[in-house]
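Please open the structure in your viewer and keep the sequence panel beside it, so that each selection on this tour can be followed in turn.

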Amino acid sequence: MTQTTDLPQATPLLRDIFGFDAFRPGQEEIVDAVTAGENVLAIMPTGGGKSLCFQLPALMRDGVTVVISPLIALMRDQVRALQEAGVAAGALTSGNTEEETEAVWEAIEAGRLKLLYMAPERLASGAAMGMLRRIGVSLIAVDEAHCVSQWGHDFRPDYLRIGELRQALGVPLAAFTATADQETQEEIVQKLFDGQAPRAFLRGFDRPNIHLAFGTKDSPRRQILGFAAARKGQSGIVYCGTRAKTEALAAALREEGHVACHYHGGMEAEDRRIVETRFAREDGLIVVATVAFGMGIDKPDIRWVAHADLPKSIEAYYQEIGRAGRDGAPAETLTLFGPEDIRLRRSQIDEGMAPPERRAADHARLNALLGLAEALKCRRQNLLSYFGEAAEPCGNCDLCDNPVEVFDGTTAVRKALSAILRTQETYGAGHLIDILRGTETDRVRAKRHDELSVFGCGKEYAKGQWQAVFRQMMGHDLVRPDPERHGALRMTDAALPVLRGEAGIELRKDTIKTADRRPAVKA
Ligand code: ADP
Ligand code: ZN
């Protein structure tokens with residue numbers, strides 16, 4: 001079977017330059033407004049991803065973007081990262097060597113620079129102001145915009161010059177800060193925008209009308225058909241991991257009497273456009289798609305989004321479910337996941353061309369999603385806390401609806417980890433479960449695994465129950481399939497304290513109870 005996966009359209013820069021597969025909450029709208037040349041004030045929590053909101057527009061617009069920031073080390077980091085990604089960026093700060101400054105001036109004079117980072121002190125110099133007037137600045141981006149506030153503790157007097165600069169150049173300005181209080185906002189508007197209200201992005205990330213739910217995959221086709229059957233006649237999207245699956249699932253939905261079509265990056269542009277137009281105009285159409293579908297789709301009344309396969313990252317998940325319920329009316333989501341998804345996503349990361357740091361970051365983003373999938377309490381709290389926002393239990397997710405019961409799974413997990421250790425981390429879950437359950441398969445006998453001390457130490461659980469244990473272990477990132485050894489499970493550092501008895505692990509009771517309908521211990 002071909003594992004053709006698609007990328008979201010419309011933002012090749014996001015992937016190619018920045019290495020992200022989806023926008024974080026809020027980013028897309030801000031990027032659109034800044035690129036369009038609007039004056040913007042964006043308030044995002046620290047770590048929310050502000051820099052992308054001016055870096056990406058800088059690449060989409062003609063001319064130079066001037067970035068003002070008080071944090072020299074941070075500017076240097078960003079410039080280095082941009083240069084490594086092949087973007088012409090430079091910084092004029094007091095931290096520069098003479099050669100660096102020389103090189104930046106040269107690049108400016110040659111008209112080569114896309115992003116010029118400057119410390120605010122530079123604005124005091126006539127030479128720098130003159131230069132900015134000459135070089136075709138098309139956008140001013142101000143990081144840490146609250147530094148313009150005279151009453152705040154981060155006040156930087158030179159920030160007051162930014163307003164003059166904007167007027168002198170007559171170009172749009174985008175201001176960013178994590179400080180959200182009303183007074184600071186008003187001061188920013190006064191000082192940077194001369195009192196003329198910019199387009200403000202202050203909305204929190206929460207989309208309270210979207211119901212969040214995850215399900216363990218047992219028969220995905222039946223599960224998705226069941227979900228759709230309960231929502232017949234409503235517009236919805238089913239996301240699949242492969243192109244082939246979109247076609248098969250769309251056909252299955254049609255057989256059940258739904259109006260459904262498939263959509264993926266392998267289709268002719270014209271056929272894709274037909275689906276996009278139908279989806280926008282018709283009520284009750286289901287589109288079964290890869291992630292190629294969605295960017296730029298802004299249908300307000302999408303009533304549900306289902307994932308037949310686990311998305312790539314927590315960002316991708318948020319973005320995809322976020323297409324539902326833009327009108328504010330209740331919308332529902334269901335995300336299915338299983339061990340095969342985890343294996344596939346990990347191997348996609350490991351087999352990709354990305355440099356090692358980026359791969360590590362991709363694993364971390366996948367881990368965050370798995371943590372959400374295996375969450376034991378309110379999903380929205382978990383999701384929002386990842387994006388830096390605190391929240392109360394939401395009352396609108398599957399875990400708030402039906403709190404899960406947990407049990408101390410430390411013993412089970414330790415048995416599984418010992419089985420992995422005793423077999424030198426060379427086997428996948430299937431064989432390990434045979435060992436734990438004391439099943440004498442040919443392979444067990446051939447490898448003499450029936451002689452291991454762990455052989456048969458886990459008879460209390462049926463096969464499906466052990467599968468649930470292994471899946472939750474992957475969700476907790478205690479074990480990872482080794483892509484070079486056909487998914488052999490290897491322990492991560494997080495497993496060691498559990499193995500040594502220094503840490504415990506809670507597991508979900510429901511997955512253990514319902515994972516297998518056969519009796520737990522066979523006669
Ligand atoms: P802020 O300036 O808001 O504190 P940054 O711009 O430094 O945040 O971004 C914080 C982190 O989030 C960085 O490590 C960045 O690589 C990451 N990040 C930003 N946008 C995305 C995205 N769309 N997908 C995944 N990671 C992102
Ligand atoms: Zn909740």
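For the first stop, a residue counts as near a molecule if its C-beta atom, placed from the backbone, lies within 6 Å of it. The model on screen is predicted, and that should be kept in mind at every stop.

Select ligand 1 and then the residues around it: there are 14 of them, and F20, G49, K50, S51 and E315 come nearest. Colouring this shell by class gives 5 nonpolar, 6 polar and 3 charged residues. Which helix gives the most to the shell around ligand 1? Helix α3, residues 50-60, does so, with 3 residues.

Next, select helix α9 (residues 220-229) together with helix α10 (residues 243-255). Two packed helices are described by the angle between their axes and by the distance between those axes. For α9 and α10 the angle is about 50 degrees, and the axes lie 11 Å apart. Angles from 65 to 115 degrees would count as roughly perpendicular and those under 35 as roughly parallel, and the two helices α9 and α10 are therefore oblique to each other. Turning the view along the pair, one can follow α9 as it passes α10 in a right-handed crossing. To see what makes the contact, show the side chains of R221, I224, L225 and A228 on α9, and those of L249, A252 and L253 on α10. By class, the residues of this contact divide into 6 nonpolar and 1 charged, with no polar residue.

Move on to H363, which sits in helix α14, residues 356-373.

The last two stops concern backbone geometry. Most residues other than glycine have a negative phi. Select E425, in the loop between α17 (410-422) and α18 (429-437): although E425 is not a glycine, its phi is positive, at about 55 degrees. E425 has 14 C-beta neighbours inside 10 Å and so counts as partly exposed.

Finally, go to the loop between α20 (463-475) and β16 (479-482), where D477 is found. Phi of D477 is near 55 degrees, again a positive value in a residue other than glycine. Is D477 buried or partly exposed? With 19 other C-beta atoms within 10 Å, D477 is partly exposed, since a residue counts as buried at 20 or more.

Technical notes:
Residues numbered from 1 in each chain as written. Chains lettered and ligands numbered in written order. Predicted model: local features only at pLDDT ≥ 70, side-chain atom pairs only at ≥ 80, totals over all residues. Helix = DSSP H or I, 4+ residues; strand = E, 2+ residues; numbered from the N terminus. Nonpolar A, V, L, I, M, F, W, Y, C, P; charged D, E, K, R; others polar. Axes fitted to C-alpha atoms, helices over the stretch in contact; angles between N-to-C directions. Parallel < 35°, antiparallel > 145°, perpendicular 65-115°, else oblique. Left-handed = near helix turned anticlockwise from the far one by under 90°. Contact = placed C-beta atoms within 7 Å. Buried ≥ 20, exposed ≤ 12 C-beta atoms within 10 Å, placed from the backbone.
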